[in-house]
Amino acid sequence: MGSPLRLSVVGPRGEQAWTEVSEEFDATDRALSRFREDAELVALDRAAGTGIAMPVSRRLERAVHVTERARRLTDGRFDPRVLTDLERIGERGAVLAGHHHQGHRSRRTDAVVRHAGRGYLTLDDPIDLGGIGKGLALRWSTARVERAGIHDFLLDAGGDIVARGRPPDDSQWRIGIEDPHDIVGSSVAIVGITDGAIATSSIRRRRWDHDGTPVHHLIDPRTGEPGWTGLHAVTVAGADPAWTEVWSKSLFLAGAHDIAIEARSRGLAAWWIDAAGTLEMTSAARAKTIWVRGED
Amino acid sequence: MGIDPRRVLHIGVLMSVSTAAYALALAGVTTLQSTADRTLIAARAPVDRSVRDLALRHDLLERAVRDSTSRYAEIQDRYARLGPAIADLESNIGDLATVSQRITHSAAQLPTRVALPAVRVAPAAASAPRVHAVTSASGG
């Protein structure tokens with residue numbers, strides 16, 4: 001999925017766990033990547049708008065269904081139909097003939113996918129499953145490792161993390177939240193997790209200039225433009241890595257003004273850092289926080 | 001003295017019988033000859049096939065030899081072009097060996113112990129607890 005993978009396992013079966021994780025990430029990458037010519041998603045995206053029902057694997061089918069649910073629950077702030085917008089501002093994947101120059105369609109209320117029966121999907125617009133794809137790969141890898149009878153481990157896919165059981169030196173896994181303003185990426189807070197996941201949406205990385213304008217990868221589906229919301233990073237902890245990914249992006253796009261109300265109304269454990277570098281969090285997040293910079 | 005008409009008849013019958021016998025003998029001989037020819041042709045058929053196969057293999061072999069000759073010439077040509085590069089490489093290796101000898105000589109002249117000045121260590125400022133991982137910018 002284009003992210004460095006790191007697995008820490010307590011006990012002697014690290015190699016077996018690594019095999020499970022690598023196999024799952026490879027399989028998910030073949031299904032959900034938009035950067036590989038041989039990926040299923042690329043074929044599906046290329047058929048978007050033609051009305052053709054494409055045969056898809058169970059992984060891709062499930063991923064599309066999760067994104068559709070996420071779109072509904074986030075009121076459209078999470079929507080995978082931002083691929084043409086990403087490509088327009090310079091983040092290109094595999095070539096999708098015929099979709100490059102379409103303008104952004106204003107706020108979408110229609111479903112991501114038109115059903116064509118089990119095992120088949122029809123898209124009207126190409127989609128990007130990058131972020132949620134990584135979350136799903138973490139979800140499926142975790143299930144495989146647990147099925148193998150391994151219960152104490154931490155799996156880190158480029159900043160999206162799943163923790164199970166306990167580390168060898170403590171009662172819970174300690175996860176740092178990166179300071180998006182710090183050039184060396186020191187932690188602004190530390191969170192304790194036993195069985196759960198944590199993900200961050202941030203503009204510290206994956207930002208560049210396009211035609212002289214600074215842009216980044218967090219596209220607001222409602223405008224088709226990078227979301228400059230007054231926030232620099234949002235972290236969400238929860239039970240499932242795919243949904244922490246969904247909520248971190250959705251809260252980021254809610255913006256500095258609305259994030260507190262949005263996160264608290266949904267009972268999310270969320271931390272956010274604004275443009276001034278101020279860290280805020282919900283009460284659910286405070287309960288998981290074991291250290292905050294400046295408060296020690 | 002006249003000719004006995006019965007003798008003439010006998011002679012005629014005799015000639016007819018002789019002619020018939022000759023015709024029969026000729027037919028028999030012809031039949032035997034054609035049977036022998038068919039047998040001979042059938043016996044020679046595998047030899048003919050083998051000869052044709054041999055000719056085909058010969059052609060293929062000839063083509064392979066031609067290709068090999070062409071490749072050999074091409075490789076020979078490449079090798080000839082590589083010659084100067086190999087000579088340069090050998091020369092560079094020679095230079096490297098000289099430099100290496102000089103480094104070895106210099107290293108041998110270095111002291112085995114160096115006295116360093118004492119270093120004062122200040123206690124570190126309070127920092128964050130150690131973490132097992134850091135959550136940071138992730139995908140889309």
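Among the contacts in chain A that join residues at least 6 apart in sequence, 65% link residues at least 24 apart, two residues being in contact if their C-beta atoms, placed from the backbone, lie within 7 Å. The structure is a predicted model, in which local features need pLDDT of at least 70 and side-chain atom pairs count only at pLDDT 80 or more, while totals for chains, interfaces and linings use all residues. Residues are numbered from 1 along each chain as its sequence is written, and chains are lettered from A and ligands numbered from 1 in the order in which they are written.

The pLDDT, which is the predictor's confidence in each residue on a scale from 0 to 100, has a mean of 88 in chain A, where 93% of the residues reach 70 or more. Chain B averages 87, with 90% of its residues scoring at least 70. For the complex, the predictor gives an ipTM of 0.84 and a pTM of 0.68. Within chain A, confidence is highest in strand β6 (residues 160–164), at a mean of 96, and lowest in strand β3 (residues 113–115), at 73. Where pLDDT is low, the predicted coordinates should not be read in detail.

Chain A holds seven helices and 17 strands; helices (H or I, at least four residues) and strands (E, at least two) are DSSP runs, numbered from the N terminus. Of the 296 residues in chain A, 49% are buried, a residue being buried if 20 or more other C-beta atoms lie within 10 Å of its own, exposed if 12 or fewer, and partly exposed in between, with C-beta atoms placed from the backbone.

Seven strands of chain A form an open sheet with antiparallel pairing, in the order β1-β5-β6-β9-β14-β15-β16, where two strands pair if DSSP finds at least two bridges between them. Strands β1 (5–9) and β16 (279–281) of chain A stand at the edges with a single partner strand each, so one side of each is left without a neighbour in the sheet. Neighbouring strands of this sheet are turned by 10 degrees against each other on average, direction ignored; axes are lines fitted to C-alpha atoms, for helices over the stretch in contact, and angles run from 0 to 180 degrees between N-to-C directions. Five bridges pair β1(A) with strand β5 (residues 153–157) of chain A in the antiparallel sense, and A:Arg6 has A:Asp156 in β5(A) as its bridge partner. Helix α1 (residues 14–32) of chain A packs on the sheet, where it touches β1 and β5 of chain A, and its direction makes about 150 degrees with that of β1(A).

A second open sheet, of four strands with mixed pairing, includes strands of both chains in the order β17(A)-β8(A)-β7(A)-β1(B). Its edges are formed by β17 (289–292) of chain A and β1 of chain B, each with a single partner strand, so one side of each is left without a neighbour in the sheet. The twist in this sheet averages 30 degrees from one strand to the next. Strands β8(A) and β17(A) run antiparallel and are joined by three bridges, with A:Thr289 in β17(A) as the bridge partner of A:Val191. A:Ile193 also lies in strand β8 (residues 187–193) of chain A, and A:Ile193 counts as buried because it has 24 C-beta neighbours inside 10 Å. Beyond its neighbours within four places in sequence, A:Ile193 is in contact with residues including A:Ala163, A:Trp173, A:Ile175 and A:Lys288.

The link between the chains in this sheet consists of three bridges that join strand β7 (residues 173–178) of chain A to strand β1 (residues 133–135) of chain B, the two running parallel. In β1(B), B:Val134 is the bridge partner of A:Gly176. The contact as a whole takes 36 residues from chain A and 14 residues from chain B. The side of chain B that touches chain A has seven nonpolar, six polar and one charged residues, where Ala, Val, Leu, Ile, Met, Phe, Trp, Tyr, Cys and Pro count as nonpolar, Asp, Glu, Lys and Arg as charged, and the others, Gly among them, as polar.

Elsewhere in chain A, helix α5 (residues 130–147) and helix α6 (residues 241–265) pack at an angle of about 155 degrees, with their axes 7 Å apart. That angle makes α5(A) roughly antiparallel to α6(A), a term for angles over 145 degrees, whereas those under 35 count as roughly parallel, 65 to 115 as roughly perpendicular and the rest as oblique.
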